[in-house]
Amino acid sequence: MQSTMQDAPLLISGIIRHGEYVYSEKKVFTVTPEGVEEATFFQISKRAEQLAAALTKLGVQRGDRVATFMWNNQAHMEAYFAVPCMGAVLHTLNIRLFPEQLAFIINHAEDSVIIVDSSLVPALAKIRDQIPTVKHIIVHGPDDSGLLGATIDYETFLSAESAGFEWPELDERSAAIMCYTSGTTGNPKGVVYSHRSTWLHSMASTTSNSIGLSERDRCLLIVPMFHVNAWGAAYTAFFAGTELIMPQMFLQGEPIIKMIRELRPTVSLGVPTIWNDVLRVAENNPSADLSSLRGIVAGGAAVPRVMIEAFRDRFGIDVIQGWGMTETSPLAAVSIPPSGAPSDVQIDYRVKAGRVVAGVEVRVTADDGTVLPRDGKTVGEFEIRGPWITGSYFGVDAPERFHDGWLRTGDIGSMDGEGFMTISDRSKDVIKSGGEWISSVDLEGALMAHPAVFEAAVIAVPDDRWQERPLCCVVLRPGASASADELREFLSTRVAKWWLPERWAFIESVPKTSVGKFDKKVLRAGYAEDELPYETLA
Ligand code: ADP
């Protein structure tokens, strides 16, 4: 029997129309060196129509890739809507990739147009002669450098067109956006989101069991729009009526504290590294005022317990941990303590990676593929499936990443009977000592609880007797001191005795990936090349 429901396609144009019609006066704030610029959702919607008309005149057709090489700002939002809604494919380029990787992904995606912020022109110019598919470059902001040869000025381009471009009725399963993984191993791989997957992911992000963005929120979007669509928040904002604050290049603790004080966001999204920096600045800055925040969303890497405690105890702010990956759009699990959880155990939930979001399914599997119990103890690899989880990579065969229709995440951990996921490691970071696993994530979390430790990253190094052992790379707080002995002693009450590391390196800072996560690959290479001095305790 057929249902009697209408069959409306789930399109991104539906998201922008909703934002324009229902939340027309809501605003997007862009922080610039000269001050804060504002635009309403209505204005952004109209400018997106102008951009789509201009791109059409330029020759952009359905399915063509239009890339952005931009900070988080208003013009980037305009491209976010114009490109997919007109039927082309938005490719958000990571501005921090190495030039070879950047050229690789532009060529792999066969981008035909790039919209670039003027401050990023020099970075793009480095590879201009290596990207033959790119026919036009549109520069947002003043640029008379001439570094890119002939370019189009964004404002002139828009102002030649009037609003009123009619968004076409597209197949909801057609490509809307593409994003490459940051390529921690090998070349980056492309993930292509559809209109439908983006629509469903945006809807899920408005639910209060997820990050619950709503009309009552103003969101400071620190996570870059090239890092999995700013975790989807740019689209969710127009669905939910959530105002956005776009920090552009001002991503350090000081300017973020100032933005929070002056623009009063209720929620903010970023990786733990950023939150650690915000905390460091806020703790020493009497004028810091974080009182507008109902919560901060931290994800992309494990969030240390000490950070969650510090935000709660010193600023009364809840840290909401999220888990996901480029392949999962990304939001797949969000850690909110179950109702009625006594206050003393709430934090035990917040340190978990997250609780599975409605709409996706997660399971834990053993090496041989069997499904393991959800008992909160048994450890295996997480596998995931659902309508906003990728089923393949763009233009590459990677059968080893899929298993019976599930995506293999490469994340190792356990899941409890209430759907909370605990991640102990990425498979490439696990430490296998004497046949047993030591969790680098747990060691790092325990170390960062020491008052003298600012950051800690733990890698596996070869060991004659145990096969592998942990090497702790520690960054001390400015002015603080702690010896390897003292830190080991500190760990001894917090982790199993056989985990206690012998090898200790004190470093200036932990190297970071292009999206601000600990880059253990660089630490491992440093160790392999004897460039990471360390001491060994008895
Ligand atoms: P990359 O793979 O280049 O780091 P992604 O941003 O797609 O790019 O990273 C996804 C990975 O980040 C996940 O597979 C997981 O290992 C890690 N991750 C994301 N969120 C969390 C979290 N809350 N806790 C621990 N690890 C996380």
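The model is predicted.

**Stop 1: helix H9**

Select residues 233–240, which make up helix H9. Are these residues buried or exposed? Eight of the eight are buried, so the helix is largely enclosed by the rest of the structure. Click along H9 to find Ala 233, Ala 234, Tyr 235 and Thr 236, then Ala 237, Phe 238, Phe 239 and Ala 240.

**Stop 2: aromatic rings**

Now show the side chains of Phe, Tyr and Trp. The count of aromatic pairs comes to 13. A pair of rings is described by the distance of the centres and the angle of the planes.

Select Trp 199 and Phe 239. Their ring centres are 5.2 Å apart and their planes stand at 80°; an angle over 60 counts as edge-to-face, so this pair is edge-to-face. Where do the two residues sit in the chain? Trp 199 belongs to helix H7 (residues 195–205), while Phe 239 belongs to helix H9. They are 40 residues apart, so to speak of the chain, the pair links distant parts. Both Trp 199 and Phe 239 are buried.

Next, select Tyr 349 and Phe 420. Here the ring centres lie 4.8 Å apart and the planes meet at 50°, so the pair is tilted. This pair also links distant parts of the chain. Tyr 349 is in helix H13 (residues 343–350), and Phe 420 is in strand E21 (residues 420–426), 71 residues apart. Tyr 349 is buried, and Phe 420 is too.

Select Phe 41, Tyr 80, Phe 81, Tyr 235 and Phe 238, which ring pairs link together. Tyr 235 and Phe 238 are among the buried residues of H9 from the first stop.

**Stop 3: charges over rings**

Select Lys 189 and Tyr 393. Lys 189 lies over the face of Tyr 393, at 5.2 Å from the ring centre. Then select Arg 494 and Phe 490. Arg 494 lies over the face of the Phe 490 ring, at 3.6 Å from its centre.

**Stop 4: two crossing helices**

Select helix H10 (residues 253–263) and helix H11 (residues 272–283). How do their axes cross? The axes come within 8 Å and cross at roughly 75°. H10 and H11 are therefore roughly perpendicular to each other. On the H10 side, the contact is made by Gly 253, Glu 254, Ile 256 and Ile 257. On the H11 side, look for Ile 274, Asp 277, Val 278, Val 281 and Ala 282. By class, this contact has six nonpolar, one polar and two charged residues.

**Stop 5: backbone details**

Turn to the backbone. Most residues other than glycine have a negative phi, and most peptide bonds are trans. The next selections depart from that pattern.

Select Ser 329 and Pro 330. The peptide bond from Ser 329 to Pro 330 is cis, with omega near 0°. Pro 330 is in the loop between strand E14 (318–323) and strand E15 (333–335).

Select Ala 230, in helix H8 (residues 228–231). Its phi is positive, near 50°. Ala 230 has a relative accessible area of 0%, so it is buried.

End at Arg 264, in the loop between H10 and strand E12 (267–270). Arg 264 has a positive phi of about 50°. Is Arg 264 buried, exposed or partly exposed? Its relative accessible area is 36%, so Arg 264 is partly exposed.

Methods
Residues numbered from 1 in each chain as written. Predicted model: local features only at pLDDT ≥ 70, side-chain atom pairs only at ≥ 80, totals over all residues. Heavy atoms only, no water. Buried < 20%, exposed > 50% of the residue type's maximum accessible area, 1.4 Å probe, protein only. Helix = DSSP H or I, 4+ residues; strand = E, 2+ residues; numbered from the N terminus. Phe/Tyr/Trp six-rings, centres within 6.5 Å; stacked < 30°, edge-to-face > 60°. Lys NZ or Arg CZ within 6 Å of the ring centre and 35° of its normal. Axes fitted to C-alpha atoms, helices over the stretch in contact; angles between N-to-C directions. Parallel < 35°, antiparallel > 145°, perpendicular 65-115°, else oblique. Contact = heavy atoms within 4.5 Å. Nonpolar A, V, L, I, M, F, W, Y, C, P; charged D, E, K, R; others polar.
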